[in-house]
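This report describes charged and aromatic side-chain pairs, together with the confidence that the predictor assigns along the chain. Please keep the sequence and structure in view while reading.

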Amino acid sequence: MSLGDEDGYGNDAGRTSDAYSTIGGTRQTRTRLPDGPTGDPYGPRRPARNSRSLITFAGVVILLLGAIAFANMGGDDNGSGGKSGTTSGSKAEAAPTSPTGTKPVTGKNGTIPSGFAHTQQGAESAAANYSVALGSVDMFDKVKRDEILGTVIAPSAVNGFRTTLDQAYSSLLFKNLGLNEDGSTPDGFTFISRTTPIGTRVTKSRADQATVEVWCSGLIGLAGEGSTKPVTDGWFTITMELQWIDGDWKAVTHSQKDGPAPVGGDTRASSADEIAGAVNGFGGFTYAR
């Protein structure tokens with residue numbers, strides 16, 4: 001499969017919505033069927049991103065990144081340098097985001113979609129859905145985190161991920177996020193951690209391997225009256241190396257970098273109650289490429 005070209009932005013101040021959602025191929029990103037509900041926000045809109053809130057968000061990302069990077073023992077051993085075998089057999093060109101017409105997966109392993117196609121499109125769909133799971137509130141609960149890792153991570157790498165993430169999700173991290181020492185949410189607040197894929201692209205591939213980038217936006221923080229850790233947004237790109245194992249794609253490595261980030265709009269920030277209500281009232285999606 002060929003690599004997709006991607007047009008970068010001239011600068012961070014003015015991006016189009018399609019720039020980072022293009023892929024090497026005619027297949028495009030789409031979402032389908034909400035899986036559940038969400039909620040309520042707070043406070044007057046800040047004209048520019050609050051540096052303290054941004055540091056809180058970035059701190060979590062960096063800490064998690066470091067832990068995951070440590071767990072990624074093999075790195076990228078594809079050795080294809082972008083020139084590799086293709087599952088589709090056709091040369092790809094960048095194209096704007098639009099539905100492909102290909103049906104997304106119907107299977108699930110717990111709450112995480114599974115049974116992705118053994119194609120470039122299937123690898124992208126898997127990476128998008130795994131990004132959602134790895135950025136969810138459930139990662140802050142040891143039992144649920146282990147279930148997620150067992151579902152999305154390759155068996156050969158899962159123990160390394162579990163060990164280092166157990167260290168990363170520490171009482172100090174929880175305290176910095178305004179959570180209780182055990183990671184639970186204080187009474188009267190709603191903890192929010194949600195990742196939303198914007199687009200995907202494949203940068204390397206072989207028959208049973210694919211490296212996929214997922215451009216995402218994310219929310220993290222405590223919603224509630226008097227919260228000192230209000231919900232903030234962030235933009236980042238996740239890179240996953242996937243392997244085809246036992247009939248599905250599994251992640252072997254995971255890394256993350258900031259951006260590309262658009263200029264913030266003038267929308268008034270919502271109240272804490274609105275944010276909590278939105279998170280509890282609006283469900284997520286199953287993502288398909």
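## Salt bridges

A salt bridge is here a side-chain nitrogen of Lys or Arg within 4 Å of a carboxyl oxygen of Asp or Glu. The model is a predicted one, and a search of the whole structure finds 7 salt bridges in it.

One of these joins Asp-166 to Arg-145, with the closest N and O atoms 2.9 Å apart. This pair links distant parts of the chain, since Asp-166 belongs to helix 4 (residues 155-168) and Arg-145 to helix 3 (residues 142-152), 21 residues apart.

Another salt bridge, at 3.9 Å from N to O, brings together Glu-274 and Arg-268; Glu-274 is partly exposed at 32% relative accessible area, while Arg-268 is exposed at 52%. Through salt bridges that share partners, Lys-142, Arg-145, Asp-146, Arg-162 and Asp-166 are joined into one network.

## Aromatic pairs

The structure holds 7 aromatic pairs. Among them is the edge-to-face pair of Phe-116 and Tyr-130, whose centres are 5.8 Å apart and whose planes stand at 90°. Because Phe-116 lies in the loop between strand 3 (112-114) and helix 2 (120-134), and Tyr-130 in helix 2, the pair ties together parts that are 14 residues apart in sequence. Phe-116 is buried, with a relative accessible area of 3%, and Tyr-130 is buried as well, at 1%.

Phe-285 and Tyr-287 have ring centres 6.3 Å apart and planes at 70°, so this pair too is edge-to-face. Here Phe-285 is partly exposed, with a relative accessible area of 35%, whereas Tyr-287 is buried at 7%. Elsewhere, Phe-140, Tyr-169, Phe-174 and Phe-191 form one aromatic cluster.

## Confidence along the chain

The mean pLDDT of the chain is 74, and 62% of its residues reach 70 or more. Over residues 1-58 the pLDDT stays under 50, and the model has 207 contacts beyond four places in sequence for this stretch. The pLDDT is also below 50 over residues 65-99, a stretch with 80 contacts in the model beyond near neighbours in sequence.

Conventions
Residues are numbered from 1 along each chain as its sequence is written. Side-chain values use heavy atoms; hydrogens and water are left out. pLDDT is the predictor's confidence in each residue, from 0 to 100. Contact means heavy atoms within 4.5 Å. Helices (H or I, at least four residues) and strands (E, at least two) are DSSP runs, numbered from the N terminus. Buried means under 20% relative accessible area, exposed over 50%, partly exposed in between (1.4 Å probe, protein chains only). Rings of Phe, Tyr and Trp (its six-membered ring) pair if their centres lie within 6.5 Å; planes under 30 degrees apart count as stacked, over 60 as edge-to-face and the rest as tilted.
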